[in-house]
Amino acid sequence: MTENERPTGQRVVAVVPTFRPDEALLVGLRALAPQVAMIIVVDDGSPDDPAGILALAGELGCEIVRSASNNGIAAALNIGIRMALTDDADFVLTLDQDTVLPGHYVSDCTTVFRIAAPDTRLGVVCTDRVNGKPSIYELHTAEGLGLVREAIQSGCLISARCLTECGLFDERLFIDCVDTEFCLRIAQYGYRIAVGPGTDISHSLGEQVALRPFGVARFDERGRQRTYEYHGPTRRYFITRNNIDLFLRYSRIRPRWVLSAIKREIGPTVTTIVSGPLRWRQLVATVIGAAHGLMRLRGPLSPGLRKLLVGRRD
């Protein structure tokens, strides 16, 4: 297999949602372009393009779609996916604006679909590793494919059949848990998610900040400052709200998943509240997000709530 190998006989269209993109988008697009038939970049209401990034993406041969308002990552993905399906795509590759793929990534993923037996009901192939961190397989199929319950949206190769049968991403969630909800939903239709063996993508997972619970710095055994993955108050609101929304949706259908997800989310939530930055706003975001999740409120932030969480309306 050579670098930048494009799969033959199968039309793969990539969808890349963006919001205030920077140079990282162009790096990812250059790595992606030789591997797919078409790239659709959907900008989710960025207020401007001061560095001309979207224009440069267009010069690389990408189809550029600019939404008039910020409607969330699910809506941006769905715009591109509908275009891809209309263009007779066999597979849709979804990718974040800061993800860079190795040269043979798409070919490796389509190979997994070719290997899969019909009884496997394969709907999605995802990356095996993210920044070198490996996936944890749930089980293996008779063909030897490693299966996982959930996958991050970036780097997912989804079959057109799966999208047509199961539906697109849930736009009501706006951002956060969009990929989790999709994975849970396609499982209800009997579809599975396999990893592309040996694949590894470069992907930004969040800002790393100093771990300072109640203002006290923590250090490791080598004397280095401990850090954790930080999300601002608005993201904390969506993470909390949408997780609780999914807990309620799947409490009866997937109780074991709900319990494991609750345990997974407790630690980061508590760490963010006690360690900061913006500890008070993090607490407010968590409490309101939990209340709205229980009330099944969805969609974007209201102007008033945005002002409360970030101190401004834009």
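This is a predicted model: local features need pLDDT of at least 70, side-chain atom pairs count only at pLDDT 80 or more; totals for chains, interfaces and linings use all residues.
Local features require pLDDT of at least 70 and side-chain atom pairs pLDDT 80 or more, whereas totals for chains, interfaces and linings use all residues. Residues are numbered from 1 along each chain as its sequence is written, and side-chain values use heavy atoms, without hydrogens and water.

Helix H9 comprises residues 279-295; helices (H or I, at least four residues) and strands (E, at least two) are DSSP runs numbered from the N terminus. Its 17 residues reach 24 Å from the first C-alpha to the last, close to the expected 24 Å, where the expected span is 1.5 Å times one less than the number of residues. Among the buried residues of H9 are Val-284, Ile-288 and His-292, buried meaning under 20% relative accessible area with a 1.4 Å probe, protein chains only. The buried residues of H9 pack against strand S12 and helices H7, H8 and H10, contact being heavy atoms within 4.5 Å. Just after H9, Arg-296 adopts a positive phi of about 60°.

The structure also holds two cavities of 30 Å³ or more. A cavity is a set of points on a 1 Å grid over the protein atoms alone where a 1.4 Å probe fits but cannot get out, and lining residues have an atom within 4 Å of a point. The largest cavity has a volume of about 50 Å³, volume being the space filled by probe spheres set on the points, which are joined across faces, edges and corners. Helix H6 supplies the largest share of its lining, three residues. The second largest cavity contains about 30 Å³ of space, and helix H1 gives the largest share of that lining, four residues.

Terms used. Buried means under 20% relative accessible area, exposed over 50%, partly exposed in between (1.4 Å probe, protein chains only). On a 1 Å grid over the protein atoms alone, a cavity is a set of points where a 1.4 Å probe fits but cannot get out, and a pocket is an open set with protein on both sides within 12 Å along at least five of seven lines; lining residues have an atom within 4 Å of a point.
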